[in-house]
Amino acid sequence: MSVLVISTHLDDGILSAGQFIAGHPSVTLLTVFAGIPDDGFVTDYDKSCGFETSKFAMQARRNEDREATAMLNATYIHANLLDSQYENDRNRDVEKAIDWILNDEHYDFIVAPLGLRHPDHIAVADATLKLKPENLYLYEDLPHRVTNPELVFDRFEQLKKQSFKPSQEFIGDGAIELKMRALMCYHSQMLKGDLNPYNLYVAERFWRI
């Protein structure tokens, strides 16, 4: 069975679905906002992570993602859209970036973010829902599901107004220890802010759409 997990940023897919990926080797992990910005500037966040430029930050995070996906026997795809901290462009064609991958290969099973809190997460979720792929499941975005649990219920209400009816199907069933080891590959960000074991050592939840 071929499975595509759609990740917003370089770590989100494993943050929210790493245990599932650990239990299903040969998953393809697509990161939508994995573009590398031009050289010559650094955001405050990237500077706090120890990088001199944001270009260096994204190059390092791509390498971290390669290491993490290899640990889980997954295949990575890095799309070239820029994270909103680098380009606040409301016209980014998120739907096109995802559709290109869906048309390139048939997937029996697709997992995407529910879309909590962060505008990039919401953009990826909305774009995937517009494409209406078969056998679509949405994962509850970690750590936002833990830090702001009320957002899950708010998101469900939004989806119901759009005629989507989420129904819970399963939780991640792979080894959570392997997921946590893979997460530590993202060493430039892991353990910073909300990215700590208290928010991440929890069951993954997936909803069928």
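This report walks through the overall fold of a predicted protein model and then visits a few of its loop residues.

## Ground rules

The model is predicted, so local features need pLDDT of at least 70 and side-chain atom pairs count only at pLDDT 80 or more, while totals for chains, interfaces and linings use all residues. Residues are numbered from 1 along each chain as its sequence is written, and side-chain values use heavy atoms, leaving out hydrogens and water.

## The chain as a whole

Let's start with the big picture. The protein chain has 9 helices and 7 strands; these are DSSP runs numbered from the N terminus, with helices (H or I) of at least four residues and strands (E) of at least two. Its C-alpha trace spans about 45 × 40 × 35 Å along the principal axes.

Of the 209 residues, 54% are buried. Here buried means under 20% relative accessible area, exposed means over 50%, and partly exposed lies in between (1.4 Å probe, protein chains only). Among contacts with a separation of 6 or more, 78% join residues 24 or more positions apart, where a contact means heavy atoms within 4.5 Å.

## Surface and charge

The accessible surface comes to about 9900 Å², and carbon and sulfur atoms own 48% of that area. The areas come from the Shrake-Rupley method with a 1.4 Å probe; for residues, only the protein chains shown count as cover.

There are 21 positive and 32 negative charges, and their mean positions lie 4 Å apart. Lys and Arg count as positive and Asp and Glu as negative, with His and the chain ends not counted; each charge is placed at NZ of Lys, CZ of Arg, CG of Asp or CD of Glu.

## Two buried loop residues

Thr-8 sits in the loop between strand E1 (3-7) and helix H1 (12-22). It is buried because its relative accessible area is 0%. Leaving aside residues up to four places away in sequence, Thr-8 touches several others, including Thr-31, Pro-113, His-121 and Tyr-139.

Leu-81 belongs to the loop between strand E3 (75-78) and helix H4 (94-104). Its relative accessibility is 18%, so Leu-81 counts as buried.

## Backbone points to check out

Most residues other than glycine have a negative phi, and most peptide bonds are trans. Lys-132, in the loop between helix H5 (119-131) and E5, has a positive phi near 55°. It counts as exposed because its relative accessibility is 62%. Leu-191 has a positive phi near 75° and lies in the loop between helix H8 (176-183) and helix H9 (197-200). At 52% relative accessibility, Leu-191 counts as exposed.

A cis peptide bond links Leu-142 to Pro-143, with omega about 10°. Pro-143 is in the loop between strand E5 (136-139) and H6.

## Around Asn-148

Finally, Asn-148 is found in the loop between helix H6 (144-147) and helix H7 (150-161). Its side chain makes polar contacts with the side chains of Thr-147 at 3.0 Å and Arg-117 at 3.2 Å. A polar contact is a pair of N or O atoms within 3.5 Å; within protein, one must be able to donate a hydrogen and the other to accept it, and residues adjacent in sequence count only if both atoms are side-chain atoms.
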